Amino acid sequence: MVYKFRVILDAEEDIFRDIAILEDDTLEDLHNAVVNAFGFDGTETGSFFTCENDWTWNEDDEIPMFDTGDVAGEMKTMADFKINDLLHKDNTKMVYIYDFFSMWTFFLELAAIEDKEDGETYPALLFSHGELPAEAGSSGFRGADVTEDDIYGDFEDEFDEEDMDMFDGDDSFEDFGYEENWN
């Protein structure tokens, strides 16, 4: 079977690609198809994220390109999952992030499952709409709770400015004599 995806860039403008790929291809194959469809050079890594349920884009489990776990082989990677292991008619959504410095974010939705067409080569770019911007942005859909002025989001701790006053004028800290390291 062939899985047809709409891959939408998280941007203000409508930018998307429709991709057809075989159901038993791996997530790594899907990663490569997305990278090629959007014209990236492929030198950066990425991760897929399963979604909590089929009606939201809330990220659940990460599936990275490379095993970054503490114990080699402990973490499953894109190459370990066939597309139909995770996506089917009852679970149609994933989030994909490419280049963790730029954070190109994509929403993948399974649009159709069809029979393979004779003579076709997969993966295939079926349709392209919109031009990739010069740099990654955000439509505000993902991470909309955090503003530029509020980089910590909902983070709160039990300390406030008054708690830090205890260090004002306190010369009781021992001088370890490391001045020579700072000159």
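Read along the sequence, the protein chain runs β-β-α-β-β-α-β-β-β-α, giving 3 helices and 7 strands (DSSP runs, H or I over at least four residues for helices and E over at least two for strands, numbered from the N terminus). The model is a predicted one, in which local features need pLDDT of at least 70 and side-chain atom pairs count only at pLDDT 80 or more, while totals for chains, interfaces and linings use all residues. Residues are numbered from 1 along each chain as its sequence is written, and side-chain values use heavy atoms, with hydrogens and water left out.

Turning to the chain as a whole, 34% of its 183 residues count as buried (under 20% relative accessible area, with exposed meaning over 50% and partly exposed in between; 1.4 Å probe, protein chains only). The protein chain exposes about 12,300 Å², of which carbon and sulfur atoms supply 47% (Shrake-Rupley method with a 1.4 Å probe). Of the contacts between residues at least 6 apart in sequence, 63% join residues at least 24 apart, a contact being heavy atoms within 4.5 Å.

The structure holds 2 salt bridges, each defined by a side-chain nitrogen of Lys or Arg within 4 Å of a carboxyl oxygen of Asp or Glu. In one of them, E114 meets K4 at 2.6 Å, N to O. This pair links distant parts of the chain, with E114 in strand β6 (residues 104-114) and K4 in strand β1 (residues 2-9), 110 residues apart. Strand β1 also supplies R6, which pairs with D18, the closest N and O atoms being 2.7 Å apart. Here D18 belongs to strand β2, 12 residues from R6. D18 counts as buried at 15% relative accessibility, whereas R6 is partly exposed at 33%.

E23 is buried yet has no salt bridge, and K82, the nearest side chain of opposite charge, is 9.8 Å away. Leaving aside residues up to four places away in sequence, E23 touches M1, Y3, K82, I83 and N84.

On the surface, D67, D70, E74 and D80 gather in a patch of negative charge (residues with over 30% relative accessible area and no salt bridge, like charges being joined within 9 Å; Asp and Glu count as negative, placed at CG of Asp or CD of Glu). Within this group, D80 lies in the loop between β4 (59-64) and α2 (83-86) and is partly exposed, at 42% relative accessibility.

Note on methods: Patches are made of residues with over 30% relative accessible area and no salt bridge: like charges are joined within 9 Å, nonpolar side chains (Val, Leu, Ile, Met, Phe, Trp, Tyr) within 5 Å.
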